[in-house]
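Let's walk through this structure together, one region at a time. Please keep the viewer open beside the text as you read.

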Amino acid sequence: MSAPPGGAATTHGTGATSAADLARSATSVIDAEDAPTVEEPAAGPPPAVEGPENSGATAIPEGPAADRSGPGGAARPASTSTTQAARLARAAFSRLAEPQDAVAAALIAVAGPVDALQVATGAVRSGPRLEQAVLDELGRDDAGPALVASAVERWSARVRFLAPDRDVAVLARLGGWLLTPEDPDWPAALADLGPEAPLCLWGRGRPPSDLPEVARAVAVVGARDSTAYGDTVSADLAHGLVLAGCTVVSGGAFGIDAQAHRGALAAHSTGDAAHGGGPPERWPGRTSESPAASTPTGGIVDSDTEGHSTMPTVAVMACGVDRFYPAAHESLLRAVMADGCLLAEVPPGSSPTRWRFLQRNRLIAALSAVTVVVEARWRSGALNTAHHAAGLGREVGAVPGSVRSATSAGCHRLLREGGAVCVTDVDDVLELLAPFQVASSPDGAATSTAPDGADPGQADSEQREPRSVPAPVKDARPAAHDGLSAQDLMLFDALPVRTGSTTDRLAAVAGLSEPLVRAGLGRLSLRGLAIATDGAWRKAPSGRR
């Protein structure tokens, strides 16, 4: 079922904001003569979301409940209709535009989220003044093609799938929340991303007021195909950091990410048990027989930490937080959600893509004062996170490994190029937090969260990715998608593997206009990455890796 262009920010129930109201509130930067008459949508519940990424979504309760739900499902006063309209507009933008869409961010900065959405959905045409204002916001003085008009054409394929009030209601039913820059709990550290900051954040788990300050957050990232050495080091680091009062931020993936989450959760359960909290048996990778580490003195442990309000870990996802990806980590991600939280900048139902994984890394870096790379191959996504952190002026640490280990080649590369500091234990990481006056634990080492000789993630070891045969340390064989532009990469991700897809369907999935899709398919076809059969396009066999 298709939604009217202006209906993207329309809610139902008390305090609802109609499409006509939003069109009439256009700011002065939008040319008044460009504003068309927008008909009032029919009363009743919003249309079902039938987008390419959230078919089979959780059923939504009808009625005004979604209008009154705030972060964590808390009641919201009916007098905040303007704020609610802005929140819903940002929620709609998170489905309309891909992460790090500079034009979307600039349009919102210039016109505000509500009026910007009217332009983005085609309810109000962009005029010369708006185009110039967006150019100024982006710091561009070229007289190239109209950026806003081109973006509106690119976004048009997704307009009919917009139903932000339903997205908010879906997450509220799951105990989740929507956080926007207008909210007081918005992480201030994200401002360092400038125009690349997320338009909003979707979360599940503890409320957004519990999100750590950047001075308390450390990112622990690394290879998916980690070794036993990397598993132990990442779990030990995470365990010691949480005992020191820090929050561990990672991506929930296989390997180092998973072990970092497990170590953080184990440390949190140790503290809970010491203070009469829940039993340690409920945490992945830990049993009641596992040795407990003493809580470090000094550091940043304070009264809040002693009361265990400090969030042990945060998982930043490349898909909607209503999905547990990878599926093998469902139990781990549920544990993260129980005592920490899951975060994403894409709405419920969104699928993970290469582009979203790459953009997710900038959030991990921005939310953390220090980024530690435990293991990384010569070509690794963890290096992307480290480069984002360095670009933001954050500290970067790398754990050294064997010179013959392919999974440590990326760490050695960071160390050799001067982009990282050598890190071997919790003391070294806490030293990188020195600008925040953080001291280390007295014994200078974290205690392992698993018995001697055991894999810290033994409970989920059967779900780990199979280890491949060791490759040369600097195996930099190019991937099929290397060298693709951002638009071509999004299109390549949207291509199905087996069943072909039409250009209009690909436009909706990739978030591109049909002319851009057709042009991109031509380029992918020339590179041998896409093939067409009876007008339906799919990945070529050579481009599936």
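**A guided walk through the chain**

Start in the loop between α3 (81-96) and α4, where you will find Q100; helices (H or I, at least four residues) and strands (E, at least two) are DSSP runs, numbered from the N terminus. Although Q100 is not a glycine, it has a positive phi of about 65 degrees. Its relative accessibility is 26%, so Q100 counts as partly exposed; buried means under 20% relative accessible area, exposed over 50%, and partly exposed in between, with a 1.4 Å probe and protein chains only.

Before going further, a word on the source: this is a predicted model, in which local features need pLDDT of at least 70 and side-chain atom pairs count only at pLDDT 80 or more, while totals for chains, interfaces and linings use all residues. Residues are numbered from 1 along each chain as its sequence is written, and side-chain values use heavy atoms, with hydrogens and water left out.

Now step back to the whole chain. The protein chain has 19 helices and 11 strands, and 55% of its 545 residues are buried. Its accessible surface comes to about 21,700 Å², with 53% belonging to carbon and sulfur atoms; such areas come from the Shrake-Rupley method with a 1.4 Å probe, and for residues only the protein chains shown count as cover. Take the contacts (heavy atoms within 4.5 Å) between residues at least 6 apart in sequence: 77% of them join residues at least 24 apart.

Let's return to α4. Helix α4 (residues 102-111) packs against helix α7 (residues 147-155) at an angle of about 115 degrees, and their axes are 10 Å apart. Here the axes are lines fitted to C-alpha atoms, for helices over the stretch in contact, and angles run from 0 to 180 degrees between N-to-C directions. The crossing of α4 and α7 is left-handed, meaning that the near helix is turned anticlockwise from the far one by less than a right angle. On the α4 side, V103, A104 and L107 meet L147, V148, A151 and W155 of α7. An α-helix has 3.6 residues a turn, so residues three or four places apart point the same way.

Further along comes helix α5 (residues 113-120), in which 8 of 8 residues are buried. Among them are D115 and Q118, as well as V114, L117 and V119. Just after α5, G122 takes a positive phi of about 90 degrees.

In soluble globular proteins, nonpolar side chains tend to be buried together.

Next, turn to α9. Its 16 residues (228-243) should span 22 Å at 1.5 Å a residue, and the end C-alpha atoms are 23 Å apart, which agrees; the expected span is 1.5 Å times one less than the number of residues. Of the 16 residues in α9, 13 are buried. Just after α9, G245 takes a positive phi of about 95 degrees.

Finally, visit some loops. F254 sits between β4 (247-250) and α10 (256-274), and it counts as buried because its relative accessibility is 13%. F254 and P326 are 72 residues apart in sequence, yet their C-alpha atoms are 7.8 Å apart in space. P326 belongs to the loop between β5 and α12 (330-339), and a cis peptide bond joins Y325 to P326, with omega about 0 degrees.

P348, in the loop between β6 and α13, is buried, with a relative accessible area of 3%.
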